[in-house]
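Please look through the structure below with the sequence beside it.

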Amino acid sequence: MLRIFQRIRRTGHLTEPLPPTEREFAQLGVACQREIARRFQRSLAIRMVDAGSCNGCELEMHAVNNSYYDIERFGLHFVASPRHADLLLVTGVVSRHMEEALRRTWVATPAPKLVVAMGDCAACGGEFGVSYASCGPVSAVIPVDAVIPGCPPSPLQLLNGLLQLLQRR
Amino acid sequence: MSRIQTKNVSSGRVSDLSRDLIQTGQAEALPPWPGLQAQVQLPSDNWGVAAENAVRSGLRWAAVWGDHRPPAIQIFALLFGCDGHLLLQTHVSDQQPELPSQTPAYPAANRPERHLSDMLGLRWRGHPDARRWTRHQAWPADVWPLRREFDCQTLPPGPTPGDCDYPFVPVAGAGVYEIPVGPVHAGIIEPGHFRFQALGEEILRLEEHLGYVHRGVEKIAVGRDAAGLLRLAARVSGDSSIAHSWAAAQALERALAVEVPRRALHWRAILAERERIANHLGDIGAICNDVGFAFAQVQLSRQRELWQRRNFAAFGHRLLMDTLVPGGVAREPDAELIAALRRDGDALRTEVADLLPLLLEYPSLQDRLRDTGILRPDQARRYGVVGYVGRASNLQDDLRRDAPYAPYENLTIEVPAYAEGDVAKRVRVRGEEILVSLTLIDQLLERLPQGPLATPCNTRGRAVEGLGLVEGWRGETLAYVRLDATGRVERYFPRDPSWLSWPALEILLDGVIVPDFPVCNKSVNASYAGQDL
């Protein structure tokens, strides 16, 4: 137990400020915190839906939760059910086998029901496009409020995309 | 019980089986493709008997796939023994596509054969399960997307309904209840459906229903050029981008008889080991987190992040996608970055060597991981499980050591293995594999040969085919590629190791309590995208 405490003390605080080179971005973080405080009672709940992703986007979604990015400092956090969510973060070219599940998830989400399409597949169809097996971008199935391109988007791009959407609204 | 030091691979020899099949007139010898020990052609009626002989010889069943070449459908099955791989092939007419199933001999063939029924319309005699597997409601039962005449752009007339009536095996009895989970899960994870039948807290039976992320990988590969194929291969399963693109590249290069420069091979192996390390770091943390031990998650996700940042700096992509090109690699880091790669390796070794004992000896963590989700060695062998799931149950097969391909043939590969088969041992194997991979990266950088980064891949003016076989971080990863005379893909089949570990998850949950499902699932960490294709 002592070794664990020593280790935690030695590791210290890792969370990084948003890149100072991108002043706009850093200001975005502050602006969003204000916006989330005002409109979402300081916490914006995200439900992720993999609608046909290769799992690459999910890995980067995990990364925004690590100590360096710590998405929760902005009041954004991931929840287990769409019924608890303010925002759906959807990845993947929507496979036809996930089409109905995505639609039902959207129906289950309460207002304001924001939808963000993360990654090239979700944004425009990416490497997979429209075929017998996939519907193409998320916007082909449910209304989309913002897209975050990238294959996959980096954690900073993901964070930036979410913050921009919130500020825009 | 401690680590197993003796080498123990799938015990039989494929050359003995192929000789027996040929001598008894059941099969004809074929010149083996590069990378194979032997290859035989059988009449389709002998397909099931050959599998029965193979299982008696102690061979591991690795894969089955089909290729529609009108008016025939060519079918391939791959077996592995201590001397390498044996490819069985046969064909049936596309009008009468019926042959004996290999599932009675090898349960691992169950879902791959049903996938072929859904995709190519094959009918298996003696298959114990007549249900569909990959097909949900997006196309009708009498349409087969991998048939040549099927147009990839055949769109359904309207929205595809949910697959609500899949006939799960029912369990009845007083107090038995069902828990349906998915396809949308609670965590940040891929979609699939799990049907639990439980009595109190104990799981009586879990049945998986997958196929939700079927993106038509095999079909949309058709018509691509070699570079386009590798872009797709990198996205079969995003956590295994190197494993799948290396397997596909190797298949292409073997088909086209291209010799990849040694320097590029070293880089490919370095990329593959970096992918293994990144995934092991992330998953060990996640497994510990699934039993509430957040400390490990925080420490290891930190290491994973640093590793991925270096991936981006040195190779241009955090998940290493699109770093391989046909004939070699796309780029290499400069001398300064190579020095940084080595420094990173040393730093990570110190970190992991410090953290691993902490995790592996911490009583309240081990209390949850030990004896949880046991896959016995005989079960692992029966289901032919590969990778760390196999190794924790002493099915050691590691192609880097047991069927080495360049550049691993010149390296000593240590394969950690245990017999307990529980979550704790799967974690331990993965922790120790990180250290092995760090040593390999060191040696590969130390002996980095001079030379170009890629050889041009010229088409040969005729149709060619080849098989790629590499040891991805999840285990043996296979790619079959057939090109037409102009170098366009006619058939691509990637076999992710998850095809073999998903069935193992159902078995190792026997008697486990429902709340331990997440940690058991994470300890196997099969890919949904890689198996749904």
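Gln26(B) sits in the loop that lies between helix H1 (14-23) and strand S1 (28-30) of chain B. The model is a predicted one, and the values given here were computed from it. Is Gln26(B) buried or exposed? Its relative accessibility is 19%. Buried means under 20%, so Gln26(B) counts as buried. Leaving aside residues up to four places away in sequence, Gln26(B) touches Leu21(B), Leu42(B), Pro43(B), Asn46(B), Val49(B) and Asn53(B). The side chain of Gln26(B) also makes a polar contact with the side chain of Thr24(B), at 3.1 Å.

The next stop is a helix of chain B. The buried residues are Asn110(B), Arg111(B), Pro112(B), Glu113(B), Arg114(B), His115(B), Leu116(B), Asp118(B), Met119(B) and Leu120(B).

The last part concerns the contact between the two chains. The size of an interface is often given as the accessible area lost when the parts come together. For chain A and chain B this buried area is about 4700 Å², with 59% of it on carbon and sulfur atoms. Arg7(A), His97(A) and Tyr132(A) supply 20% of the area that chain A buries against chain B, more than any other three residues. In residues, the contact takes 55 from chain A and 68 from chain B.

How many salt bridges are there between chain A and chain B? The count is six. One salt bridge joins Arg7(A) to Asp354(B), where the closest N and O atoms are 2.5 Å apart. Polar contacts between chain A and chain B number 28 residue pairs, counting those with both residues at pLDDT 80 or more.

On the side of chain A that touches chain B, at least two residues each come from helix H1 (2-11), strand S1 (44-50), helix H3 (56-63) and helix H4 (99-108) of chain A. H3(A) gives the largest share, seven residues. Sorted by class, this side of chain A has 26 nonpolar, 15 polar and 14 charged residues.

Note on methods. Residues numbered from 1 in each chain as written. Chains lettered and ligands numbered in written order. Predicted model: local features only at pLDDT ≥ 70, side-chain atom pairs only at ≥ 80, totals over all residues. Heavy atoms only, no water. Buried < 20%, exposed > 50% of the residue type's maximum accessible area, 1.4 Å probe, protein only. Helix = DSSP H or I, 4+ residues; strand = E, 2+ residues; numbered from the N terminus. Contact = heavy atoms within 4.5 Å. Buried area = accessible area lost by both parts, 1.4 Å probe. Salt bridge = Lys/Arg side-chain N within 4 Å of Asp/Glu carboxyl O. Polar contact = N/O pair within 3.5 Å; in protein donor to acceptor, adjacent residues only side chain to side chain. Nonpolar A, V, L, I, M, F, W, Y, C, P; charged D, E, K, R; others polar.
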